[in-house]
Every structure is written in structure tokens, then in C-alpha cells.
Amino acid sequence: MFILKTNVISLVVLWLCMAALSLAVGAVSVPLEDVVLTIISGNPKYDFVIMEYRMPRLIIASLVGCALALSGTLVQAVVRNPLASPDIFGVTAGAGLAVVCLLAFYDQSPHYWIPLAALMGGFSAAIVLLLIIRRIGFQPSRVALVGLALSAVCGSGIDYLLSTRPEEISGAMLWLTGSIWGRSWNHLSLILPWLVILVPIAIWLSYRLDLLSLGEEVATSLGEKVNRTQVSSMIVAVALASASVSVCGAISFVGLVAPHLARLLVGGRHFPVIFVAMLLGALLVVTADIVARTLAPPLEFPAGILVAMIGAPYFILLLNRYKSW
Amino acid sequence: MFLNKMAALSLMLVSSLVFAKVSIQDEMGTFEIDTVPQRIVALEFSFVDALANLGVSPVGVADDGKATNVIPQIRNKVQPWTSVGSRYQPSLEAIAALKPDLIIADGGRSAETYQELLKIAPTVMLKSRGETYEENLISVAKIGEILGKKELINQVIKDHHKRMDDFAENIVSEQRFQFGVTNEKGLWIHGPKSYAGSVMERLGLSTSVPDERENAYIATTLEQLIKANPDVFLIGKYGDKTIIDVWQENPLWNLIEAVKNKKVTEVEPLLWSKNRGLIAAEIMAKELEIMVKQVK
Amino acid sequence: MISPPIDNHSEQSLRRIPVIKEAGFSVSSMFVPIQFAILFAVLVVGFLLSLVSYSSFNLTLNDGWQVLLNFDTNNINHQIISTLRLPRALVAMMAGMGMALAGLLMQGITRNPLASPSLFGIGYGAGLAFTLSSLGLLPFVTELPIVLVCFIGALITGVLVFFMGGLHLSRINPIRVVLAGVALNFMLVSLVRALVIFADNGAFSIFYWLVGNVSNAQYTDVDLAFPWLILGFSLALFISHKLNLLALGEDMMQSLGAGLTHIRLIGGFSIILLIATSVSIAGPISFVGLIVPHICRFLIGRDHRLLVPFVTLAGGSLMLFADVLSRAIDFPNDNPIGIVTALIGAPFFLYLATRTRND
């Protein structure tokens, strides 16, 4: 409990620092006192920048980071494989395919169709996956494999569509990489409800996931309904991942890295891991977004790239510590 | 010439005094504005071309971080601007900091952030990316209207058409022209649906791929290039070494009409592909005229 | 498990272990030469089709024949076949061979039938080198031919994965290897995508290469690839019977003193070499390395001594037919060959995933 507390507190403090930083820096530098003043009482000079632009970006980046990290934790628990990330259920690829189809066939569509298409695409891929699993039986490694194959099918579809429509490539790539640019308060409704509903469910599942990690036979002998837990966790993971992807595109690396780091910090029990992973996820995405905005202003890089660039080297450094899963 | 200029100037004065509410159709529906915008942010190069033709300088341009992405002939007509970032993700902060009263955005790129842009300033969404010559003229006219310079822009367009017609007369040619961009790994020819292709069609030139009405940019191998067999070949190079260098070693290269006629020329891809607009089109026409007039 | 004494004699007796038969396969050693012959015929047919089919110029087989016998420099068809189609067919074939063989080795060494070359991001390492170079961001390599730049990029990535994954240590953790590959892959893919976005107008040219493309193949590509392909093939053949032993279990291998580390080093080196070769001449082609070994195992069994040549021929054939299809789909426009292999391979992969037994 102590370890959990210290970790959570230090991560929250870190997040607050990053949050302050993200509100202060950018193409227009805002001194910290003004940041605080604007939040509390409003300031016509900085109102737009802070309240309409950076604050929603910060909140959305954090929430998406949380959702992806949580999704990744659940996925890794279900599949019992450390290289699982939310992508392996084909969610990201399905969402991507849906978005590219929309851009390719109906490019005059209203802009708010894109997140909807992504959500539907993600869920459709998951449904296809579930249907296939029903026929072949639920085995974690099989599920991962089929999901991977499904991603591959969607990926090849995306590549085919893009190769015949070269004008769409930059836009599609941008979405596929993941970006927080232009996200604002109206995007909040795409992610917040999901988190509010699903985080408690994930916490409820955490004890059961602990049992699962002991191995399926052991878990069953302890009275655990293995299949039900696995399927529910999968559904929660898919919902979280779809929601995140619909808001920000495919920022997938978070779901792979955050649970690992969390486990290194607080051990293997899922209850603490969930919290720490969510905080780490939020931290990672917010940091990536800060760097994306400040590397070469006013040029803005897609945050998804920075997430991979920051996360990957750190992750690789961790590999030295890898003894066993 | 002078009289024309006086007419234009007086029209401009008159129209700016009597400014009624302007309402045009843009990509998002109807756009309305009731004052003349003074501080304009343009999120695509073609809009800068249009503004330059109206003698208006934008305060901010999404120029991918480099002002030199806009060709000098356009830059020389406007005041230096503040960069607001890349065209695919312009910095909304930087735009807001400029306190614009009009944002001209590309319907193709910025549809998602339309709401965000609206919070900063009235925003008009016009087609830019992937536009043809004709579509560009429509956008230019709309920009003129919005700025309360409807008469002026119509005059400018009319003058432009006259100049283009003059060019077309001088560039009478039965030959087939083709423009393409190339790098080390391949060649992409710009068909009639691309901007360069549609400019050439405007000038009455035939293209070497007349059946290609679907895609603007077509990946072309040497085999396909020989089949297309253009009489005049304009190449925009991205990079010092391109695949053309390799193809030139190939004996089949000499079978292409353009090579036989020594009508293979390098052109600036920035001009022919990225910057679209009246000024760009006229420079392209000029280059074509020179090419056609060159004695073998 | 019985532990035979470690000496040369037992090595030789192990070599005489007959083809390992799986329940359900009724491959008898009599059919093997016939299967090889059929495959070789398929390869030849594919090669010829790739040479003359689907061209705007009405190339015929006779033209192809004449190119060999009576080459006429003024005949357009002859020139096209000789200078454009021939290198293209050769490059497609060699890339297919390299990827398929690399896939086989990876599956053999990791003992995971679903390992594939794209897992390690070597393709994207080459892709990054290519992208940086075509955007002019690598000024010191402008003198080098692009294919060499890609090759070096791929090699560097391969070596990175090798060491990051700890393959040089005696006790390896297979999970660590894959994690290293996956992490590196993520990083490279993101970087490449970012550069593609920045390239804007040049984006589609980079993208075309990234999906796998042989449209503009040249003889310099063939010259570069050929020696490395031979080397990779030879190395693969060299360790092929050891891979058979490895299939029996790693512990068995250790106890035989058959040099587990040696296999990993040689195999790893060969894999990197083969992938680097394929990727630098044709871009990252997906699925060939995953699917071809599977099909071949089904047809000819699990003896790597037979699989190595068989997979090589099969990989080449697949790519040649994919090349034909890439022109056929949207004639007279060319599709990148990687799209064709993906459109065929991905559903097949899905099918495999739903059918695979737990091996």
C-alpha cells in the first residue's frame, strides 16, 4: 500500500508539473502567473489560448492516455503476453480502415463523422474477432493471433486504398499516427463517458485478473469463471481503445508501454497497476504533446510520433531488466 | 494600361465605401460577412496567390515553416507575414495570436477544425488541395467578393483570361505536353485532373494521357512513359538524383518524342505543383511559351 | 530424453535421421523430386509471364525468346524486355526468395510458426534510411545509390535488434528479443510516418516504396542483391539440419552441444542479410515471409534441408505471380507489388490464424 501511495503521489505531482508546462508553453509563451490567473478569473488576452486551446488539449491528452493505458493493462492480462497492446484485437486497424474508407469514398463528409467512423470501425473489428473466437474457442494466444491477422487484413486494405488515392495519404497518415491537434471541448464527450463507466468495471475486474495470472487451471479451481472474466476484460479494453482512437487517432504505443512500466514500479497485482498505468499513460501523452508543440513552433508534430519516440527508447532501456514475464 | 489601373483603383475605392453584407457559398454552406476584413490568415498557398492579386497582404500564412515555399513572384507582391505553421496542422495558437478577422482555410484539410477556427475568427472554407485550374478561379473570385472587391477581382480575372488567351495563341501546338514530378524512386505524371494538367488544357495543349480522368497523379514506369510518349516533357525534380538520371542511360529513353525533339526541360516543382493560382498559372504559361518557341 | 554422447560419430548418425513426419502428412520421399520439379516449372512460368504479360506494347513469348537468341537493339519490344522487364522480374524473384527464406529461418530459430520478417522492423529501418535520403536529410550519403543506403539502413536496424534483444548472450530471453523488435518497429514506423506527412507533395512517392514496389527495378539492384542472396542461402543451407534438431527442443540441442549460440548467430546474420537485401531492392514486402514457409511445410514436410531450397523457389514464384497481378488488376496502371502480396497474404494469414493448431 505504501509503495502504491508514494508512486501515485509522485506521479500525480509529475502530472501537475507537466500540466502547468503544457499550459504555459507553445507558439505563444504564457508566464505561469498568468496561467493561474486566467484559469481562476479569466483574462481576455490569454483566454482563448489557455481555456479554448491548451486546457482541452491537456485534458483530452490525459484522458486518452489513461484510457489507452488501461486498455493495454487489460489486454496484457487477458492474453498473458507482454507484447500485447490494444492494437492486437484489430481495434486500431479496424478504426483506421473505417476512417480511410470515409476519406476515400466520401471526402465531403461532415467533419464529425470521422470519430464516429473510427468508433464503429473499432467495434466492428472487435465483433468480427469475437465471432471468429466463438467458432474456434477462446484461448488467449489464439485470440491475439487472430486479432493480429485481422489488423493485417485491415492494414492491407488501408494500404490499397491509399495507393490508389495519393492525395489522401498525408491526411490518412496523420490520423494513423495519432494527434491531439485541434481537439477541443466537444471531443471530451467522446471519451469521458467511457472512462467514467469503464474504470470502475476495470477495478472490479482487477481482482479476477490477478487470479487469472496464476494460470487458468488454478483460477478455475479457485472458483473463478475464467472465460467470463476474459471476455469482459476484452470488451472493456476494446471499448476504451476504440474511444481513444476515435478521439485522437492511433496512438498505440501507450497501451504497450504504460502497463510494463507500472508493473516495474508497483509489482504485479492489477489493482495498483491499473492506477499507476493510467497515470503513466496520461503523463506520457501529455509530455508527447508538449514536445510536439514546442520542438519547432509554429510547426506542430503529431503527438503519436512523439509518444513512440519518447516511449520506445525508455522501453528498450528497460529490456535489460527483463528476466521473465 | 494606365486607364485600366485607374478604373480598377476607383472601383476599389467605391466598393470599399459601399460595403453591403457579402454572402457566398463555401464548402461548409453559406458564409456571410459584413465588414471588410483587414487581418487575414491564409492556410494554403493558393489563397496567398489570390490575395496578392488583390493587393492585400495576409498577416499570417500556413507555409510549412518556410516562407520560401511560396514562390518569389507572389512573395514580392505582399508584405512579409507571420508563419502559422504547417498546412496540415497549423498552430491555432499562432493564428489566434494574430487576431485575424478572416481565416481562409482549405476545405480538404481543415474540415475537422472548422469549429475551432470559428472561435478565433470568421472562417471561409474553400477548395484548394487537389483543385483544378477552373476550381481555383472560382475560389479566387470568392475571395475577391469577401474582401469587398468583387469588381476588382472580376477585372483581374478578366485580365488574366486575356493574358492566358494570348499565351494560348502563341503556344499553338499539336504536340502533347506532359508534366511530372520525380525522385530517386519513381516518376509521377500529373494528368489532366491535376492543377498543372488543367492549366495546360486551358492553354489548349493536349496531354499525353488524355484518358486519365480519374486520378490526378499517376505513378509511371519507363515502359508506361514510352507508351504515353509525350512530345514535350517537363520534369519537376525532388532531389538532386532522380530516376530520370538512370533512365537516360537506357536506350529506350531516346525513343520518347520529347527526347528526340530535345524538349525535355526541368521546371520548378514548387511552382508547378505546390503554388496554385493566377500568378503561378501565368508563369507556367510563360515557361511553356518559351519552350514551344525554342528552335530545335 | 536420451542423451547421446557428444562426438562426431553421433553427429553423423543424427544426420541420418529420416525426414521428420508429422501425423497427417503423408509425404513420402518419392514425391519430393516431383514436387521440386513442379515448383521449378511454376517458377519458370511465373518468370516468363512476368517478362511479357500485361504490357501496353504487346510483348510476346517469341520476343522473349528472340532476346536470348537474336537480340535486336532497334526493336522496342526486345529493349523493353531486356532493359525493363528482365531486371524487374529478377528483382521480384530475388526479393521473394530472400523474404521467404528469412521467414523460414525466423520460424525455425524462434520455433514459432508465426514469426515473420516484418516483426523486427528491419523493413522500416531501410524505410527510414530511404525516407531520410529522399528528403535530403542525409547529406553525406547523396553520392551512394539509394539501394545501398537502404541496405545499410536495414543492416544497422538488424544489428540493433540483435543486440537490444540480447541475442548475443548465451542465455536468451525470447520475449526480450521480440519486445526489442516490436519497440524498435513502433519507433521506426512512427518516424517514417512523420516524415511522410512532412514530405507532403513527396509523400506518395515514399509511400509507394514503403508498401513494396518493383516497378522501377534496375540491373544495379540485381547486382547488389545477388551475392548476398547466395550468401544468405548458403548459410541457411548450412544450418538447415541443425534447425531440424532445434525443432526437437532447445534442451535437446543444448545437450548435444550442437552450438545453440552458433545457430542463432549464423541464423540471425543470415536473416538480417536476406531481409536487408530484399528490402533494399523492393521495399518492405509483407506476408511472403510468413505465408510461404507455411505452405511449403504443408507440401513438403518439416525437413529444413528440403525446406530451404523449396521455400526459396516458392518465394520467388509467389512474387513473380504477384508482379503479374500487380499489372493485371488495373491495367494499364501499375499497382505496387506489396499491395498485391498484402491483399492475398492478409486474408490467408487470417485463415491460418483461425486454423492453426497449437504448435
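The structure is a predicted model, in which local features need pLDDT of at least 70 and side-chain atom pairs count only at pLDDT 80 or more, while totals for chains, interfaces and linings use all residues. Residues are numbered from 1 along each chain as its sequence is written, and chains are lettered from A in the order in which they are written.

Chain B is divided into domain 1 (2-164) and domain 2 (171-293), with bounds that come from an automatic or database domain assignment. Taken over C-alpha atoms, the centres of these two domains are 29 Å apart. Across the boundary, 21 residues of domain 1 of chain B are in contact with 20 residues of domain 2 of chain B (C-beta atoms, placed from the backbone, within 7 Å). On the domain 1 side, helix 2 (45-53) of chain B gives the most, with six residues (helices are DSSP runs of H or I, at least four residues, numbered from the N terminus).

Turning to the helix pair, the axes of helix 8 (residues 150-170) and helix 14 (residues 278-293) of chain B come within 10 Å and cross at roughly 15 degrees (axes are lines fitted to C-alpha atoms over the stretch in contact, with angles from 0 to 180 degrees between N-to-C directions). Helix 8 and helix 14 of chain B are therefore roughly parallel to each other, a term for angles under 35 degrees. Helix 8 of chain B contributes His160(B), Arg163(B), Met164(B), Phe167(B) and Asn170(B) to the contact, and helix 14 of chain B contributes Leu278(B), Glu282(B), Ala285(B) and Glu289(B).

How values were computed
Helices (H or I, at least four residues) and strands (E, at least two) are DSSP runs, numbered from the N terminus. Angles under 35 degrees count as roughly parallel, over 145 as roughly antiparallel, 65 to 115 as roughly perpendicular and the rest as oblique. Two residues are in contact if their C-beta atoms, placed from the backbone, lie within 7 Å.
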